[in-house]
Amino acid sequence: MHIHAYEKLWLAAAIALILLLIGSVTYGAVGPGVAMVTDSENQIDAGGLDEDERFSEPRVEQVGENHYEAYVVAYQFAFDPSPIVVPEDSRVTLYVTSRDVVHGFEVVGTNANTMVVPGEVAQISFEVDEPGEYGVVCNEYCGAAHHTMEGKLHVVSQSEFENRGEDA
Amino acid sequence: MSEALRAEQTFADKFPNEAKVVRAAFLGSFFALFLGAVFGIIQTLHRTGIFRGFIASTDYYTVLTAHGVFMVLSFTIFFLVGLFTWAVTRSLDRPLVNIKITWTWYGLMAAGMTMAGFSILAGFTNAIPVSADVLYTFYAPLQAHPLYYAGLTVFVVGTWLAGADWFRTYLAWKRDNRGERIPLQTFMVLTTMIMWYIATSAIAASILLFLLPWSLGLIPSVNPTLTRTLFWFFGHPVVYFWLMPAYLLWYTVLPSIAGGRLFSDPLARVVFVLFVLLSTPVGIHHQYLDPGIAEGFKFISMTNTMFLLLPSLLTAFTVVASVEYGARRRGGTGLFGWLRALPWRDPAFTGMMLAGLMFAAGGFSGMVNAGMNINYMIHNTLWVPGHFHLTVGTAVGLTFMAATYWLWPQITNKPIYSLQIGLFQVVLWFIGMALMSNAMHAQGMLGVPRRTAEPEYSGFDYPTAFGGFEELNLQIAIGGTLLFLSTVLFLGNIVLTMGNPKVSGIAESIRPALSGPTDAPQVLDNLRVWVSIALVLVVLAYALPLAAIISDGGLLGPGVGTYPVWLDGTVHALAETATTAGWMLVDSLTVLGAHVADTLSGVAP
């Protein structure tokens, strides 16, 4: 089969581009350590979240010196808890599940983003620095009022975080 | 003299029966395009907040389902079956084996799409207890009316029979032409259909084993991760099912329109073989952010996806080289000066070239989607529809419209009503899409979600970049309006063309490739080899993930409920009506049977 010289060059460039793209994704995984949402968590009875140790009371918990975990339930058409309140300069691990249909969980303007599938628990981790308020949206169609489904993520100062229970 | 006359024949002269099928398929396709465009403009104006008077926000998802299904299943696939019927018949230079079978698959496709379309449109009224507001992806446990799943099944079975029809015609040709290379267009059709059979096996399994029985109440629940995965097993190759007819046109028709010849027949075959091999074992890249699938499977899918760029990059080279050859034959010179020698006044040429240009842009935004960890930034944001309006929405859609200006006269003997309007139409599409798609990509970068009636929220504002949310909304609305106008011009032009009288002397021919099929290694035509390798790759990519999903969540899912979007508390009424109707049918059949038996016994001696 005759292949034109220019075409051979083009082919080589195309393969180089492909390897470069695979390389950049691999670098993202092993260099900066961008982990994928994966199947690390066990399946969960979507109809029995009320009896689940983590999700019967959706909440934020301190699990290490600067490490917080949040157990979040998505349902038609809200997130619980909302707002998710975490202190500044901390590492946050979210566990998100759904009690009904497929939802999305996206902290707007960031790369904290996951699908929320009933029966599965999505785990995402990220770091927060300064205090601020972020919007959380459901980015997968979940029913007729899908567009009203939003939540909040509040990053607050250490002192505010420690006093948060007193207003409730 | 008779030789010269034969060369002057159009497809319609030579194969009048097949031309009717092609015409019927195109008309079905254009009807869907019309519906899709109407829902498209409603959706654009609603979502951007320019005008929300057509529908309530809760009905937006009915509109969105209709736009998606009519555009990507009816418009594209009806065009495909018309084009492939033309391509097989033309390139084998013989009629289809049995035109009745041809009309049967056309009828099945039309019936299936009518069922699915009815179930979607019934979502606008509460008077009919049917709806299918589940969007084109129908993710369980949202549940559509059984009619939706049944309709899709009938439609797909129709496409299977269409493929069988083309394969039979090819086998009949092969018996008469031992040892000859498969003509290029037929090769493209057969390889595309092989890919389609592999791809649709998963969606058929998903619907027939799970979704349809579940919607009929025969099984209590489904595993959402399993049905999602089966959907995307189908959902990625389907995009190549839309694209391959456009490639067929770029490879075999565009060079001739440009006055040139296809650069290399063997490389065209290589490209189609690569699509057979690589377009299915990549579907998990749509599920990068799914919690139920392990990271390793996602990585494998990502790697395969990146290699899938190769056939498209090769296509870019071949198409540009073939067109350049045409330009130089027309007297074009210089490094880029040859571009001026091309037939830019021809809407078929200009439309396909602009479609190809936008496909390049869509390819680059697709590389971002495919970049597993970069995808976090844009997953399920408006970036994604921005991307696929460049690919299926323009590379495919605009190519189909542009090719119609060339093909329609060949299948009807009627010249196009106005090629000037056609030229304006394809350019308008390009401008409209440039505005809309660019702004959609930008909104995606701001985090604006896709698939929502009201992307503005009460609790937060989007970051201000790229001109800001509001300004981008305006660009989307203007772009969408131009696209709607462009569609109206296209459809109007075709309707007026149908009123034109038939003429003779408009036959066009397709010139053979510069480097012909005899230069291609024989193995390229050995379809069995490619089917086997494709199946092995699919098994490698999917066996473990599917086994893991089933062993983790079970076939029927971990305690997941059912969320029908079609019941409205009328399920019992519906069930009763169905039962009553069923018994009435049984009764009347009994009466009829008795009557027939009586009559027969009366006749008998």
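Buried residues make up 38% of the 168 residues in chain A, where a residue is buried if 20 or more other C-beta atoms, placed from the backbone, lie within 10 Å of its own. The model is predicted: local features need pLDDT of at least 70 and side-chain atom pairs count only at pLDDT 80 or more, while totals for chains, interfaces and linings use all residues. Residues are numbered from 1 along each chain as its sequence is written, and chains are lettered from A in the order in which they are written.

**Chain A**

Two helices and ten strands form the secondary structure of chain A; helices (H or I, at least four residues) and strands (E, at least two) are DSSP runs, numbered from the N terminus. The order of these elements from the N terminus is α-β-β-β-β-β-β-β-β-β-β-α. Chain A is more spread out than a compact globule, because its radius of gyration is 21 Å, well over the 15 Å that the globule rule gives for 168 residues. That radius is taken over C-alpha atoms, and the rule is 2.2 Å times the number of residues to the power 0.38. Along the principal axes, the C-alpha atoms of chain A fill a box of roughly 75 × 35 × 30 Å.

An automatic or database domain assignment divides chain A into domain 1 (1-34) and domain 2 (46-166). The centres of the two domains, taken over C-alpha atoms, are separated by 38 Å.

| Strands | Sense | Bridges |
|---|---|---|
| β2(A) (residues 67-75) and β5(A) (residues 90-98) | parallel | eight bridges |
| β5(A) and β8(A) (residues 122-128) | antiparallel | seven bridges |

Y71(A) stands opposite Y95(A) in β5(A), and T93(A) stands opposite S125(A) in β8(A).

**Contact between the chains**

In chain B, 63 residues are in contact with 56 residues of chain A, contact meaning C-beta atoms, placed from the backbone, within 7 Å. Of the side of chain B that touches chain A, the largest share, six residues, comes from α12(B). The residues on that side divide into 37 nonpolar, 18 polar and eight charged. Here Ala, Val, Leu, Ile, Met, Phe, Trp, Tyr, Cys and Pro count as nonpolar, Asp, Glu, Lys and Arg as charged, and the others, Gly among them, as polar.

**Neighbours of L254(B)**

Leaving aside its neighbours within four places in sequence, L254(B) is in contact with L249(B), V319(B), V323(B) and M352(B).

How values were computed: Buried ≥ 20, exposed ≤ 12 C-beta atoms within 10 Å, placed from the backbone. Contact = placed C-beta atoms within 7 Å. Pairing = 2+ DSSP bridges.
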